[in-house]
Amino acid sequence: MTSSLKGKKIVLGVSGGIACYKAVELLRLLVKEGARVFVVMSRNAKKFVTPLTFEALSRNPVYHKVFDSADSASMEHIRAAEAADLLVVAPATAGTLGKMAHGLTDDALSTLFVAFRGPVLVAPAMNDGMYDNPAVRANIETMQSRGIGFIDPEVGSLACGVVGLGRLAEPEKILAAVRDRLARAWDLAGRQFLITAGPTREFLDPVRYISNPSSGKMGYAVAEAARDRGAQVTLISGPTPLKPPPGMRVFACKTAQEMRTLVLDHLASTEILVMTAAVGDFAPEQVQKEKIKKQGDEPIQIRLLPTPDILREVAKSKTGQFVVGFAAETENLVESAREKLLKKDLDMIVANDVSAPGIGFQSDTNQVTFLDRSGTVEQLPLLSKREIAHRLLDRIAAKLSSNPQTGS
Ligand code: CTP
C-alpha cells in the first residue's frame, strides 16, 4: 500500500506541556508513513522531552534555539523547514497559541511559524479553564480566520488532576488530520471565489414570507473547502442558522433581489462564481407594509411575479468568469440540468434530486451529478457535502489549469 505521506516534508512544532510525550508518538507515526519530519521545539518543550529524543526518531536536526545566521548549515535546515509541505503544532499551549495569533517571536517554534508560508494545523493542549478563557478563544478564532486548521482537544483527565476539555487529541487523530490536509492541494491559492448559499425569503408582509428548506450547508461546504485550498472567498448567504465561517468575507441577504445586487456588485472581482443558493423563483407582486389581516373566511389572492434570474443576468455581464450553477430537480435530473447549463450559459452544473429521501436540502450528505459544457456527465456516489465540495473544486481546478485564460 502506498502511504499518503510518502515523500512529504512536515514540520512538527512542539510546545511545552505534559502532552509532549504524545508528540513523540506522533513523530513516530509520521515517520512510519514515510514523511520527512523536522521537529521545532519551543523553549519550554525542552523541559519535558529532550531534543535528542526527537532527533533520534526523526533522524533530522531538531531546532530549539533561534539560530545564529552565521551558522550556514543550520540556516540551510531552517530554509528546508520553511519550505515544508505542512506545519503541525502538537501540543500547542496557551502561550504558544498567543504568540502565533499575534506574530510574536521569542523562540525557535514561534520564529519558524512566522516565516512559514504553507498550511498549518494546530492541536491545542491545556487545562480546561485555560481553554475556556476568552483570550485563548479569541486567539483561536483569529488563527482560524487566517485559514489555520485546528484539531480540537478532547475531554479527559488533565495534568492538573481534574477531568475536563483540554487533553491533546490522540496522535492517530492528529495523523488523520495531517493526511486529510495534505490530500488537498493548495491548488486554488489566490483564486477569487464568489459563492452563494442558502434560501431566499420573498416577503408578503413584515412577518410572512415564501421560502424553501435550503440549509445553506452545501454552499458553506464549498466556501470552506475553497478557503482551505488557498482561495480568497466571498460568501453571499441567504438566511441560515449556520455561523459565518472564518477566513472569508461574508455578506448576508434575505431576498432574491438583494442577492442579485450583491452578486452583480462582486462579479467584476470574481474569477469563479458558484451559485449553490436556492433562490426563490417567485415573489409577491407587492410587499404589504402592515401585516395582512384575515377577512373572516374569505380567501386572499396574492399575485406572484418571477424574481430576477441571477445566473441569466450574470451570463450577460460576465467577462471570462468560470460559472457553476446548481440544479435542484425532482424529475428528469440530467436532461433538466443540461437545459439549465445551456440556458444560463454555465461552465458546469451540479444536479441533485431534491425529492430523494436523505439527500439534498437540510441533510449532511448528497448525491449529485456533474455536467459540463463538453457533454461530460459524472454521477457521484452518496457523499458528505464536504467531500462533494472538494470533488467540485478538483474539477474546477483542473478546468482552470487547462484553460489559463479563464478567470484571468
Ligand atoms: N438561480 C438564479 N436565480 C434565480 C433562480 C435560480 O440564479 N432566480 C440559480 C440557482 O442558484 C442555481 C441555478 O440557477 O444555481 C438553478 O436553480 P434551480 O432552482 O434549479 O432552477 P431554476 O432556474 O429556478 O428553474 P426551475 O425552478 O424552473 O427548475
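**Ligand shell and surrounding strands**

A polar side-chain atom of aspartate 281 is placed 2.8 Å from an oxygen atom of the ligand in this predicted model. A polar backbone atom of alanine 277 lies 2.7 Å from a ligand oxygen atom, and a polar backbone atom of alanine 328 is found 3.0 Å from an oxygen atom of the ligand. On its own, the ligand has 570 Å² of accessible area, of which the protein covers 79%.

The shell around the ligand comprises 15 residues, of which Met275, Ala277, Asp281, Lys340 and Lys344 come nearest. Classified by residue type, this shell contains nine nonpolar, two polar and four charged residues. Strand β16 provides the largest share, with four residues. Helix α11 (310-317) and β16 are each the source of at least two residues of the shell.

Methionine 275, one of the residues that come nearest to the ligand, belongs to strand β13, which spans residues 272-275. In a regular strand, side chains alternate between the two faces of the sheet. Strand β13 is covered on both faces: Ile272 and Val274 are buried on one side, and Leu273 and Met275 are buried on the other.

The pairing of β13 involves strands β8 and β16. Strand β8 (residues 192-197) runs parallel to β13 and is joined to it by four bridges; within this pairing, methionine 275 of β13 is the bridge partner of threonine 196. Strand β16 (residues 322-329) likewise runs parallel to β13, and four bridges join these two strands. Here methionine 275 stands opposite glycine 325 of β16.

A separate local feature concerns asparagine 60, which is located in the loop between α2 (51-58) and α3 (72-82). Asparagine 60 counts as buried because its relative accessibility is 14%, below the 20% limit for that class. The side chain of asparagine 60 reaches the backbone oxygen of valine 37 at a distance of 2.9 Å. When residues up to four places away in sequence are not counted, asparagine 60 touches Val37, Phe38 and Glu55.

Key:
Residues are numbered from 1 along each chain as its sequence is written. This is a predicted model: local features need pLDDT of at least 70, side-chain atom pairs count only at pLDDT 80 or more; totals for chains, interfaces and linings use all residues. Side-chain values use heavy atoms; hydrogens and water are left out. Buried means under 20% relative accessible area, exposed over 50%, partly exposed in between (1.4 Å probe, protein chains only). Two strands pair if DSSP finds at least two bridges between them. A residue is near a molecule or strand if one of its heavy atoms lies within 4 Å of it. A polar contact is a pair of N or O atoms within 3.5 Å; within protein, one must be able to donate a hydrogen and the other to accept it, and residues adjacent in sequence count only if both atoms are side-chain atoms. Accessible areas come from the Shrake-Rupley method with a 1.4 Å probe; for residues, only the protein chains shown count as cover. Ala, Val, Leu, Ile, Met, Phe, Trp, Tyr, Cys and Pro count as nonpolar, Asp, Glu, Lys and Arg as charged, and the others, Gly among them, as polar. Contact means heavy atoms within 4.5 Å.
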